[in-house]
Amino acid sequence: MLTLTVNGQSRDVDVPEDMPLLWVLRDHLNLVGTKYGCGVAQCGVCTVHVGGKPVRSCQLTVGDVGTRAVVTIEGIGGTPNGAKVQQAWMEIAVPQCGYCQAGQIMSATALLDTNPQPDDADIDAAMAGNLCRCGTYIRIRRAIKNAAAKSA
Amino acid sequence: MKRVIGILVAIIVVAALGFAGWLYLGRNPLAFAGGATVALADYHDGTVAGVPAELASADPVKRGEYLIHAADCQACHTAPGGAPFAGGFAFNMPFGTIYSTNITPDKETGIGNYSDAQFLAAVHRGIRADGQKLYPAMPYASYTYMTDADALAIKAYLFTLAPVSAPPKQNQLSWPFSQRSLITLWNVAFNPDERFRPNASQSPQWNRGAYLAEAMGHCGECHTPRNLAYGLDNHGKFAGALTAGWRAYNITGDKVSGIGDWSDDDLYSYLSTGHANGHGGAAGPMGEAADDSLSYLVPDDTHALVAYLRSIPAHASDLPRTITTAAPASYKEGAAADANIRGEKIFAGACASCHDWTGVSPVTGFATLTGVRAVNDPSATNVAQTVINGVSRKTADGRIFMPAFGEGYSDDDIAAVANYVTGRFGAKGAHLTAKDVAALREQAAQQSKEAPNG
């Protein structure tokens, strides 16, 4: 039995230590907002925060999480930057199909946590690992800047 | 005038003999230890050959299974994706390609008809049952130190396997390397054809480690540089060499370029699992050595290997001291900040999510780049190979996985990202070109075709 801190709550899960965190979140904790994409950390849709850093949950085994706090798309609205990012996303309707957007929002929030006023190059460097097949990159970049303006 | 020519000829002859003697002296992998050696039968201080105490009363096949792991026969005698021990693994050499042979007990295409004496001749002297010479890609100049009993235990194990019909693949060698008879000369020069002799001035643990490293594990076949005739040059014993497109690193006690700064625990961890925290993990051929061989050794044997490695004289090679501090958290700062935009872009998209801009992975310690020798190797050979081939290993500490990027990225891209990674996280950035990467792909062609494609 492992104990995880997910979105501020302590959760016990009875799973093997080598199970990817994504499986635990979706299949055992019913937190299905985080999506499965490529399965090899190449697309970014499964991004969650672990100890405040954006991490591809398909590659992180649950045994390696340890005591680090996990935050998912379901909980990110409870953080100041997460709330601003989600608000900015809605204001300009960033998503098209939406499948990658949970991961986009998690990476964008992590960016603002470390860099409150990112320029275009900062955004590209932080978001490069999050693919969007619909090509919403222009709106993603604008929404991040709008969210940063709210922080100011 | 005649006298002058005579003197000149004498000088040339002496120099040639001296050079030949120097090469000859370089063939003994144990000469560095000095001291008096004794025949194994006359050594009574401890068990040097054979299986460890845990397996002393096991049946011969179980003992053979332990020893075949220790000698790591499987890695070379198995083609990627092929049946174990059925051969067909390609060695891509500068002068052509040699394929390993089928050593399952198939009577037509394997070794099913080998007598004990024929098997010993192959293992100790590189002579096939039909009298033909084996190429020294088969490390018989190392296995020659193996006892008859251990070699025959390995044979007993092999003969319990299901025979696999796998005809030998034709070697593709250029002249004169295609002439097997020339190997006779090579053998005279470089195969000592003698069994392991314990060193009475060293501890029993050292002797066990020496037997495991030299007669069984044949570490020097990759880690010791070769002379012009492709014999091992033990003047630079374990000082590192390029083998099959991967760099086998300096494992002497040199503190800068070798493993002198590693603790015994680090070495133990690396040998037993193929990973040591702070030093990174094995990939490529060393990953195979860890998975197919070293991870099967009992703790006492691994400790003996550590003790033996510790005794190898330090030998400085051209590698810089490993950087052990993390890179800055922002992509804007750090050594490779402005120099290599293409490499930085690829790193951002394909690498940063697991390896982080600092090099300290937020995902798993297996993916941390800080302190890893490959990243601190200015040739970037193993970084490029790892990017091309990925890593897929199962260890006692968990699965180690990195996607193979060789199919999806161009030679230019791989060169750029390898240069970026060595510049940002290592001591000195590499200057690989697309041509270099193409050559690396060629030398390790086998792995890149067969590795799982992310």
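Start in chain B of this predicted model and select the open sheet of three strands, which runs in the order S1-S2-S3 with antiparallel pairing. Strands of a sheet pair through backbone hydrogen bonds, in either a parallel or an antiparallel sense.

Next, colour residues 90-93 and 172-173 of chain B, which are strands S1 and S3. Both stand at the edges of the sheet, and each has a single partner strand, so one side of S1(B) and one side of S3(B) have no neighbour in the sheet.

Move to chain A and show it as a cartoon. Five helices and five strands make up its secondary structure. Followed along the sequence, the elements of chain A come in the pattern β-β-α-β-β-β-α-α-α-α.

Along the principal axes, the trace spans about 45 × 30 × 25 Å. The radius of gyration of chain A is 15 Å, which agrees with the value near 15 Å for a compact globule because that value is the one set for 152 residues.

Finally, look at how chain A is packed. Of its 152 residues, 47% count as buried. Among contacts in chain A with a separation of 6 or more, 62% are between residues 24 or more positions apart.

Terms used. Residues are numbered from 1 along each chain as its sequence is written. Chains are lettered from A and ligands numbered from 1 in the order in which they are written. This is a predicted model: local features need pLDDT of at least 70, side-chain atom pairs count only at pLDDT 80 or more; totals for chains, interfaces and linings use all residues. Helices (H or I, at least four residues) and strands (E, at least two) are DSSP runs, numbered from the N terminus. The radius of gyration is taken over C-alpha atoms; the globule rule is 2.2 Å times the number of residues to the power 0.38. A residue is buried if 20 or more other C-beta atoms lie within 10 Å of its own, exposed if 12 or fewer, and partly exposed in between; C-beta atoms are placed from the backbone. Two residues are in contact if their C-beta atoms, placed from the backbone, lie within 7 Å. Two strands pair if DSSP finds at least two bridges between them.
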